[in-house]
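This report walks through one protein chain, from its overall make-up to individual residues. Please keep the sequence and the structure open while reading.

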Amino acid sequence: PLSFLAERLANSLPAVQHATDSDIYFIGCTVERICRADRVERESTQHSEQRLESVRNSLRRSEYREAILDAQTIRLDDFDSAQKHNLLLAIFVASARLLHQQQIAIAGYQLCLSIGASLSRDRFSDHAATALSMAYRSLFELFEDSSQFKKLIQTADQFLKEFGNTRDLAGIDALFVRTRRADAMAQEGELVQAISEFDRIIAACDKTQQGGRLNYARAQHGKGGALLSRKKAKPAHLCHQSIVSLFQNSSDELERRLFVQAQINCAICLKEQHKSNDANLALDKVSQDHLNSTDTRMRQYAYDTLC
């Protein structure tokens, strides 16, 4: 602390009666300047704590919109690492509670990303990493639901810039982010570029791990959709069929859902190839396999997807 430094420095010097006569190196002035810096630092810390407490008070009153608007006026440079962590967690909570105020929720999640970018990677707490990961996921969902695909791409680019093409962040990995980005590119009409990116993602997936299998399936699904948009139903069918082959013996619920969706997409691709009989047979198999299933949730999912 500066106060400690000033005290030690002052105590180590002989008493000075006349600074102009004896203190030829102006050490006394240096001590005084350190003391002034200490006062400024204390005042700045007190101000930062007041701003943070103001945000917390808004949360306590369930004034989530006000908490985000208040936090947007804070200069992050005035906050130390611990204060930034606390602010990140507070703004994430506020954003997650704004279910019906999409724009202000987006602003809150984007603020979480800004706070995260100002933190040193090696000082991330587990709670902060989880909040930041969920902020990214929430932004992807919100931008996709509102068809703001360019903003989704920008957010994915920000993640990849911060964490690279291979690193994970509390359950969200780079291949997942790249898949969401490629999906958005396809929605923006950049089909050729999207297909190329899907191919790179597919090649990088480790199918021996569930995360790798899920990324592989999502990328194959996205590539199939992009190919179908380019009127290439046959290669699109191969993409979806690869998902069917991967998950046909799986008992995991999420993998089984991707399996059902892939079966239906195979039927759609067959229909686009003017193979209506094969398409109907494929849909009949989905009905037989899943609508009569004893698994209530899977039966409902298959029914909703078919409808």
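## Overall make-up

The chain contains 15 helices and 2 strands, and the model described here is a predicted one. Of its 307 residues, 42% count as buried. Among the contacts in the chain with a separation of 6 or more, 57% are accounted for by residues 24 or more positions apart.

## Nonpolar cores

The largest nonpolar core has 69 residues, of which Leu87, Tyr136, Phe159 and Leu169 touch the most other members. Helix α7 gives the largest share of this core, with 10 residues. A second, separate core is made of 7 residues, including Ile243, Val244, Phe247 and Ala262.

The surroundings of Tyr136 can be listed in detail: leaving out residues up to four places away in sequence, Tyr136 touches Leu113, Thr155, Gln158, Phe159, Glu162, Phe163, Leu169 and Ile172. Two of these partners, Phe159 and Leu169, are themselves among the core residues named for touching the most other members.

## Phe143 in helix α7

Phe143 lies in helix α7, and its relative accessibility of 1% is under the 20% limit, so Phe143 counts as buried. When neighbours within four places in sequence are set aside, Phe143 is in contact with Ile106, Gln110, Gln148, Phe149, Lys151, Leu152 and Thr155. Phe143 and Ala184 are 41 residues apart in sequence, and their C-alpha atoms are 9.5 Å apart in space.

## The largest pocket

About 560 Å³ of space lies in the largest pocket. Its lining consists of 24 residues, and those nearest the centre of the pocket are Glu144, Asp183, Arg218, His221 and Gly222. The elements that each give two or more residues to this lining are α7 (126–145), α9 (174–187), α11 (210–229) and α13 (253–272).

By residue type, the lining of the largest pocket divides into 10 nonpolar, 7 polar and 7 charged residues.

## Salt bridges

Side chains of opposite charge can pair when their charged atoms come close.

Arg180 forms a salt bridge with Glu141, with the closest N and O atoms 3.3 Å apart. This pair links distant parts of the chain, since Arg180 belongs to helix α9 and Glu141 to helix α7, 39 residues apart.

Which residue does Glu197 pair with in a salt bridge? The partner is Arg178, and the closest N and O atoms of the two are 2.8 Å apart. Because Glu197 lies in helix α10 and Arg178 in helix α9, the pair ties together parts that are 19 residues apart in sequence. Both Glu197 and Arg178 are buried, and for Glu197 the relative accessibility is 9%. Helix α10 spans residues 191–204, and, not counting residues up to four places away in sequence, Glu197 touches Arg178 and Ala182.

The side chains of Glu53 and Arg60 meet in a salt bridge at 2.7 Å, N to O. Glu53 is partly exposed, with a relative accessible area of 29%, while Arg60 counts as exposed at 55% relative accessibility. Salt bridges that share partners join Glu53, Arg56 and Arg60 into one network.

## Backbone angles in two loops

Most residues other than glycine have a negative phi, and most peptide bonds are trans. Against that background, Ser147 has a positive phi of about 60° although it is not a glycine. Ser147 is found in the loop between α7 and α8, the latter covering residues 149–163, and it is partly exposed, with a relative accessible area of 48%.

Lys231 likewise has a positive phi, of about 65°, and it is not a glycine either. Its place is in the loop between α11 and α12, where α12 covers residues 233–247. Is Lys231 buried or exposed? At 71% relative accessibility, which is over the 50% limit, Lys231 counts as exposed.

Note on methods:
Residues numbered from 1 in each chain as written. Predicted model: local features only at pLDDT ≥ 70, side-chain atom pairs only at ≥ 80, totals over all residues. Heavy atoms only, no water. Helix = DSSP H or I, 4+ residues; strand = E, 2+ residues; numbered from the N terminus. Buried < 20%, exposed > 50% of the residue type's maximum accessible area, 1.4 Å probe, protein only. Contact = heavy atoms within 4.5 Å. 1 Å grid on protein atoms, 1.4 Å probe; cavity = no way out; pocket = protein on both sides within 12 Å on 5 of 7 lines; lining within 4 Å. Points joined across faces, edges and corners; volume = space filled by probe spheres on them. Nonpolar A, V, L, I, M, F, W, Y, C, P; charged D, E, K, R; others polar. Core = buried A, V, L, I, M, F, W, Y, C linked by side-chain atoms within 4.5 Å. Salt bridge = Lys/Arg side-chain N within 4 Å of Asp/Glu carboxyl O.
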